[in-house]
Amino acid sequence: MNHPDIDVEAMKARLITLRETLIDESAGSAGARDTVTLDQTSVGRLSRMDALQGQAMAKAEEQRRQQNVTRIAGALQRLEQGIFGECIECGEWINIKRLESDPLVLKCIDCAE
C-alpha cells in the first residue's frame, strides 16, 4: 500500500510533469555541452577557457538531470508497486511533508542521517 496520506494520481502526474521538464531542459541545453573547438583566430585563450568551463558545468548539470530522471522512474515504479513513501531501510512511512517537499526521497529522516 502506498503512503496513506498521498494522492497517488496527483503524485504520479507531478512526477511525470517533472520528468518531462527535465527532458525538455536536457534537449534545450544540448548546444552548451557540445565540443569547444580550438580556433585561436576568433576566440582568445581566456575566452576558450571560459567556454570550456561553461561546457563542463553544462555537462555536470546534464548528469544531475539524468540522475533525477532515473530517480523519477524509480518513484513511478514504487507507486505502481504500492510501496511509494516507504523507507527503504526501516520500512516505516516517510513523513508526508518530506515527501511533498521531495517526492524522490527514499529514506525517512532518521535513516537518512
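Reader: How far is the sulfur of Cys-87 from the closest cysteine sulfur?

Author: This is a predicted model, and in it the closest cysteine sulfur to that of Cys-87 belongs to Cys-90, at 3.7 Å.

Reader: How many disulfides does the structure hold, then?

Author: The count is zero.

Reader: Is Cys-87 buried or exposed?

Author: Cys-87 counts as buried, with a relative accessibility of 3%. Cys-111 is buried as well, at a relative accessible area of 19%; the limit for that class is under 20%.

Reader: What lies 9.1 Å from Cys-87, C-alpha to C-alpha?

Author: That is Ile-109, which is 22 residues from Cys-87 in sequence. Ile-109 is found in helix H4, residues 109-112, and counts as partly exposed at 48% relative accessibility.

Reader: Let us change topic. How many helices and strands are there in the protein chain?

Author: The protein chain has four helices and zero strands, and along the sequence the pattern reads α-α-α-α. Of its 113 residues, 29% count as buried.

Reader: And the contacts, what share join residues at least 24 apart?

Author: Among contacts between residues at least 6 apart in sequence, the share is 60%.

Reader: Now H1. What span should its 21 residues have?

Author: At 1.5 Å a residue, helix H1, residues 8-28, should span 30 Å. The C-alpha atoms at its ends are 30 Å apart, so the two values agree.

Reader: Which residues of H1 are buried?

Author: They are Met-11, Leu-15, Leu-22 and Ser-26. Because these residues cover an arc of only 50° around the axis, they sit on the same side of H1. An α-helix has 3.6 residues a turn, so residues three or four places apart point the same way.

Reader: Which residues are exposed on the other side of H1?

Author: Glu-9, Asp-24, Ala-27 and Gly-28 are exposed there.

Reader: Which residues touch the most other members of the largest nonpolar core?

Author: Leu-15 and Phe-84 do, in a core of 18 residues. Two or more residues of this core come from each of H1, helix H2 (45-81) and helix H3 (96-101). H2 provides the largest share, with five residues.

Reader: What is Leu-15 in contact with, leaving aside its neighbours within four places in sequence?

Author: Leu-15 is in contact with Ile-72, Ala-75, Leu-76, Leu-79, Pro-103 and Leu-104.

Reader: Next, Asn-2. Where does that residue lie?

Author: Asn-2 lies in the segment before H1 and counts as buried, at 12% relative accessibility.

Reader: Which backbone atoms does the side chain of Asn-2 reach?

Author: The side chain of Asn-2 reaches the backbone oxygen of Leu-79 at 3.2 Å. It also reaches the backbone nitrogen of Phe-84, at 2.8 Å.

Reader: And what does Asn-2 touch, not counting residues up to four places away in sequence?

Author: Asn-2 touches Val-8, Arg-78, Leu-79, Gly-82, Ile-83, Phe-84 and Trp-93.

Reader: Trp-93 is on that list. Where does Trp-93 lie?

Author: Trp-93 is in the loop between H2 and H3. At 34% relative accessibility, Trp-93 counts as partly exposed.

Reader: What is Trp-93 in contact with, beyond four places in sequence?

Author: The residues in contact with Trp-93 are Met-1, Asn-2, His-3, Pro-4, Phe-84, Gly-85 and Glu-86.

Reader: One last item: how far apart are Trp-93 and Asp-5 in sequence and in space?

Author: Trp-93 and Asp-5 are 88 residues apart in sequence, and their C-alpha atoms are 9.9 Å apart in space.

Note on methods. Residues numbered from 1 in each chain as written. Predicted model: local features only at pLDDT ≥ 70, side-chain atom pairs only at ≥ 80, totals over all residues. Heavy atoms only, no water. Expected span 1.5 Å × (residues − 1). Buried < 20%, exposed > 50% of the residue type's maximum accessible area, 1.4 Å probe, protein only. Arc of directions from axis to C-beta. Core = buried A, V, L, I, M, F, W, Y, C linked by side-chain atoms within 4.5 Å. Contact = heavy atoms within 4.5 Å. Disulfide = S-S within 2.5 Å. Polar contact = N/O pair within 3.5 Å; in protein donor to acceptor, adjacent residues only side chain to side chain.
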